[in-house]
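Dear colleague,

Please find below the structure that I am handing over to you, followed by a summary of what was found in it.

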Number of protein chains: 2
Amino acid sequence: MNEVFMREAIAMAVENVQSGRGGPFAALVVRGDEIVGRGTNRVTTTNDPTAHAEVVAIREACRQLQAFHISGCDLYTTCEPCPMCFGAVYWAHIDRIFFAATRDDAENAGFIDGEIYEELCRPPETRRIDMVPLLREEGGRPFDAWHAHQGRIEY
Amino acid sequence: MNEVFMREAIAMAVENVQSGRGGPFAALVVRGDEIVGRGTNRVTTTNDPTAHAEVVAIREACRQLQAFHISGCDLYTTCEPCPMCFGAVYWAHIDRIFFAATRDDAENAGFIDGEIYEELCRPPETRRIDMVPLLREEGGRPFDAWHAHQGRIEY
């Protein structure tokens with residue numbers, strides 16, 4: 001079944017490009033043998049830089065399953081996830097990532113996935129985008145409120 | 001003005017917790033002296049693991065500015081962005097990140113930001129979540145379609 005799901009994702013990604021809806025990426029969230037979320041890249045047609053295929057598929061799966069943690073689900077993505085989508089997988093508690101193309105394939109096609117991976121693993125003060133610390137002490141207040149809040153729901 | 005924006009974000013994050021709407025985080029996207037996007041964490045109340053403050057603020061700013069690249073804008077966030085949000089900043093072409101608390105502060109408050117950073121910088125085969133390569137050759141087809149598509153919009 002693994003290859004069936006991946007072939008479906010690849011076909012969705014090709015169709016997404018040919019129909020002019022966005023970039024060459026698609027993803028499925030699968031639980032058992034059931035597809036519970038589908039996504040294709042919609043960055044340019046929805047003016048949403050976070051509308052990567054994996055994020056779209058995870059958001060749909062969570063809506064359908066009415067949960068913010070979806071352990072028991074796998075992600076099938078036509079390309080190794082970028083750091084944004086990789087983070088989304090961890091926050092969603094997804095079990096496994098199946099991927100076809102790699103970050104190098106994406107880079108060869110003109111996408112900056114590899115650069116973001118490199119930036120992220122560098123010390124903050126050496127990155128291309130400035131990261132400026134500000135009011136760290138006051139920045140502890142939301143966490144104080146969190147600890148004091150009886151009804152907090154962890155995630 | 002920098003501190004004014006950050007203090008506003010910190011107040012939003014405290015209010016977000018106390019009102020039971022989500023986690024202890026808030027973010028603003030600012031262009032010049034104007035706030036063009038606001039976000040607070042809404043993961044648990046919207047069943048959306050990608051609804052981190054920064055992602056919510058960036059999506060709102062892009063909607064308002066009708067653009068998927070928003071260079072000229074800065075992000076003010078009450079805590080150093082997690083890898084998902086860090087990636088979103090790069091994809092959105094934001095200029096600078098101002099942050100108050102750090103990933104260690106978040107970790108001390110029970111959040112897995114630090115772990116995701118570590119996982120991401122490890123070789124894929126050593127990660128906690130399995131990454132399974134599948135059909136890499138066929139995974140090149142969406143990129144072939146992309147190169148062949150005359151109307152492609154890069155991002």
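**A salt bridge between the chains**

Asp48(A) and Arg59(B) form a salt bridge, in which the closest N and O atoms are 2.8 Å apart. Asp48(A) lies in the loop between α2 (43-46) and α3 (53-65) of chain A, while Arg59(B) belongs to helix α3 (residues 53-65) of chain B, so the pair joins two chains. Please note that the model is a predicted one.

**Confidence and overall form**

For the model as a whole, ipTM is 0.97 and pTM is 0.97. The average pLDDT of chain A is 97, and 100% of the residues in that chain score at least 70.

Chain A contains 7 helices and 5 strands. Read from the N terminus on, the order of its elements is α-β-β-α-α-β-α-β-α-α-β-α. Taken along the principal axes, the C-alpha atoms of chain A fill a box of roughly 50 × 40 × 25 Å.

**The interface of chain B and chain A**

How many residues of each chain are in contact with the other? The contact involves 89 residues of chain B and 89 residues of chain A. Between them an area of about 8000 Å² is buried, and carbon and sulfur atoms give 72% of that area. On the side of chain B, the residues that lose the most area to chain A are Tyr90(B), Trp91(B) and Tyr155(B), which together account for 11% of what that side buries.

Over all chains the structure holds 24 salt bridges, and the count between chain B and chain A is 6. A further salt bridge links the side chains of Asp105(B) and Arg136(A), at 2.8 Å from N to O. The side of chain B that touches chain A is made up of 52 nonpolar, 17 polar and 20 charged residues.

**Strand pairing**

Which strands of chain A and chain B pair with each other in the parallel sense? Strand β4 (residues 96-101) of chain A pairs in this way with strand β5 (residues 130-133) of chain B, over 4 bridges. Within this part of the model, Arg96(A) has Asp130(B) in β5(B) as its bridge partner.

Chain B also has a pairing of its own: strand β1 (residues 26-31) and strand β2 (residues 34-40) run antiparallel and are joined by 6 bridges. Val29(B) stands opposite Gly37(B), a residue of β2(B). The hairpin of β1(B) and β2(B) has 2 residues between the strands, and Gly32(B) takes a positive phi near 60° there.

With kind regards

How values were computed. Residues are numbered from 1 along each chain as its sequence is written. Chains are lettered from A and ligands numbered from 1 in the order in which they are written. This is a predicted model: local features need pLDDT of at least 70, side-chain atom pairs count only at pLDDT 80 or more; totals for chains, interfaces and linings use all residues. Side-chain values use heavy atoms; hydrogens and water are left out. Contact means heavy atoms within 4.5 Å. Buried area is the accessible area (1.4 Å probe) that two parts lose on being put together, summed over both. A salt bridge is a side-chain nitrogen of Lys or Arg within 4 Å of a carboxyl oxygen of Asp or Glu. Ala, Val, Leu, Ile, Met, Phe, Trp, Tyr, Cys and Pro count as nonpolar, Asp, Glu, Lys and Arg as charged, and the others, Gly among them, as polar. Two strands pair if DSSP finds at least two bridges between them. pLDDT is the predictor's confidence in each residue, from 0 to 100.
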